[in-house]
Amino acid sequence: MSETLLCPRNLAFELYEVLDAEALTRRERFADHSRETFDAALGTARQIAQKYFAPHNRTSDEREPLYQNGEAVLIPEVKPAVDAFIEAGFHNAQRSFEDGGMQLPNLLSRACFAHFQSANIATSSYPMLTMGAAHLIETFGSDDQKQRFLQPMIEGRYFGTMALTEPHAGSSLSDIRTRAEPAGDGSYRLKGNKIFISGGDHPLSENIVHMVLAKLPDAPPGVKGISLFIVPKLLINDDGSLGPRNDVLLAGLFHKMGWRGTTSTALNFGDNGNCVGYLVGEPHKGLAYMFQMMNEARIGVGMGAIMLGYAGYLYSLNYARERPQGRLPDGKDPASAQVPIIEHTDVKRMLLMQKAYVEGAFDLGLYSARLVDDQHTATYEEERRNAGELLDLLTPIVKSWPSEFCLKANELAIQILGGHGYTREYPVEQFYRDNRLNPIHEGTHGIQSLDLLGRKLMQNKGAGLQQLLGLIQDCCQRAAAHEALAPLRQPLEQHVARLTRVTQALLGDLMAGKTNQALANSALYLKVFGHAVIGWRWLEQALRAERGLIDGNPADIDFYRGKLQAARYFLTWEVPGCQHELTLLEARDDTCLNMQEGWF
């Protein structure tokens, strides 16, 4: 499976030529690091991913978790992989040295974790969920909660989950019914049902810490009445030892088309009236707290979608180089040797589409990780604030755009393999099935599009949007100094100019109270906005590639030319293709809005 792991040359290009990871070492928090320590961490991640994660990727798909005697049973290969991940320090990659961490920048932590997502998306999800839950307790939990729950999570002894979705409510969290009653001793008793809880039960850790959304008896209606609770699988004694089983029942496992190695559970809280939970922070502020974990998870899901798309691209690329079939259109002699299918123009087209999707998305995913570093460690408060505002704006794109277009890359990988692509003897069909979850995972495209158009664009008086437009304008101005980039720059400028006009008109409708009409085609808006963002990131890559052709190693010429060709494809094929969606948005097309239930 090594041919499906992250391309080291492209990773180095992103970290050191595009995103200037080395500049982070000039900040106090990362001063003990260097490019050498960064590369050592990346190398270790790659080795562990190859040795422990990749070998059981297919096995965990074929032998999905079982429900036996009220517990989830996994294949034995999962635990050694997770243990190796923890022992190597990746569980606490960003945590401070004094807390036993590696004190890596978020950018490097994401880059390291990308290897594990590429090798085995299912197994990598267990530590990903735990890291998010631990950060949630660290940010909002009490000192006692940090001692009881956070410290064992940091040590890798406890794992964590997020329990949001309920059978009757789905994504509508305002309608959850799980209740929490005060017990008189500072704890609460929860009762309710949660579904689709990834990692909700497994034998990988001593305990599982569920972060549960529920409502108190005096809760106001809607999302303003949601509180957040810590609910452990096993209760914890005063001396920190594990006590009896909490009243949390594994009601069953869901059997998914992909991502099968991660348990997806139905959990019942309080069937026996004694499910103990602990309130995190203040009452009725649970959803605001949970958004920290949700946004981290959304970026994680986006990166997972990218790495699955990337794995399929690399596999189909290698296959196309090695598979002889047919002859070129001008090859009339049937006795002549067949050519590798990579020489056929339509195969080149499909590979180029994949490259444009996955490498464009990969750049955006790492760029968002760099924004997290700026948000927390930049020198000036204004820089930190700007990074946070821009990250908030881009999060729906980081989650949704790769979930749609890197899935399309997986579809193209299957097509390149032809009949073999549909068989389980080759991995590309599993990559597709695994990736098909991501358009739903952590909020559908529809939800992300409403978040983007209905909330994020206007957040902080549009500060994030103004930043983004300024960054794109700056990129285009720098590209204008390179005559060869004019055909790439001009379509982006035209697209952004029209998108800006459409955005202003839609925001005007929202301010005028025309909410349903303005948001009716938000999914189209999400796509064209995402294409503008990815187009910008490709133009940035093209600028670095132009520089590389002039100043770089001659051995990298093909690499840089490949970057320029992929940028050319996306900016001259994909970006202009958004004109139809922009026309529909300009016209406030009401075809979908006015469709009636009885007409179906």
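Is Glu-17 buried or partly exposed? Glu-17 is partly exposed, because its relative accessible area is 24%; buried means under 20% relative accessible area, exposed over 50%, and partly exposed in between, with a 1.4 Å probe and protein chains only. The legends below describe a predicted model, in which local features need pLDDT of at least 70, side-chain atom pairs count only at pLDDT 80 or more, and totals for chains, interfaces and linings use all residues. Residues are numbered from 1 along each chain as its sequence is written, and side-chain values use heavy atoms, with hydrogens and water left out.

**View 1. Salt bridges of Arg-9 with Glu-17 and Asp-556.** A salt bridge is a side-chain nitrogen of Lys or Arg within 4 Å of a carboxyl oxygen of Asp or Glu. Arg-9 meets Glu-17 at 2.9 Å, N to O, and Asp-556 at 3.2 Å, N to O. Arg-9 belongs to helix α1 (residues 8-18) and Asp-556 to the loop between α16 (522-551) and α17 (557-574), so this pair ties together parts that are 547 residues apart in sequence. Helices (H or I, at least four residues) and strands (E, at least two) are DSSP runs, numbered from the N terminus. Arg-9 is partly exposed, with a relative accessible area of 22%, whereas Asp-556 is buried at 17%.

View 2. Arg-489 counts as buried, at 13% relative accessibility, while Glu-493 is partly exposed, at 33%. Elsewhere, salt bridges that share partners join Arg-58, Asp-61, Arg-260, Glu-429 and Arg-433 into one network. A search of the whole structure finds 36 salt bridges.

**View 3. The aromatic pair of Phe-149 and Tyr-278.** Rings of Phe, Tyr and Trp (its six-membered ring) pair if their centres lie within 6.5 Å; planes under 30 degrees apart count as stacked, over 60 as edge-to-face and the rest as tilted. The whole structure holds 24 aromatic pairs by this search. In the pair shown, the ring centres of Phe-149 and Tyr-278 are 5.8 Å apart and the planes stand at 45°, so the pair is tilted. Phe-149 is buried, with a relative accessible area of 1%. One aromatic cluster is formed by Phe-53, Phe-85, Phe-90, Phe-113 and Phe-116.

**View 4. Leu-15 in the largest nonpolar core.** A nonpolar core is a set of buried Ala, Val, Leu, Ile, Met, Phe, Trp, Tyr and Cys residues joined through side-chain atoms within 4.5 Å. The largest one has 137 residues, of which Leu-15 and Phe-529 touch the most other members. Helix α10 (residues 381-417) supplies the largest share of this core, 16 residues. Leaving aside residues up to four places away in sequence, Leu-15 touches Asp-20, Ala-21, Leu-42, Leu-107, Leu-108, Ala-111 and Leu-366, where contact means heavy atoms within 4.5 Å. A second, separate core of 28 residues includes Leu-150, Leu-164, Met-211 and Met-290.
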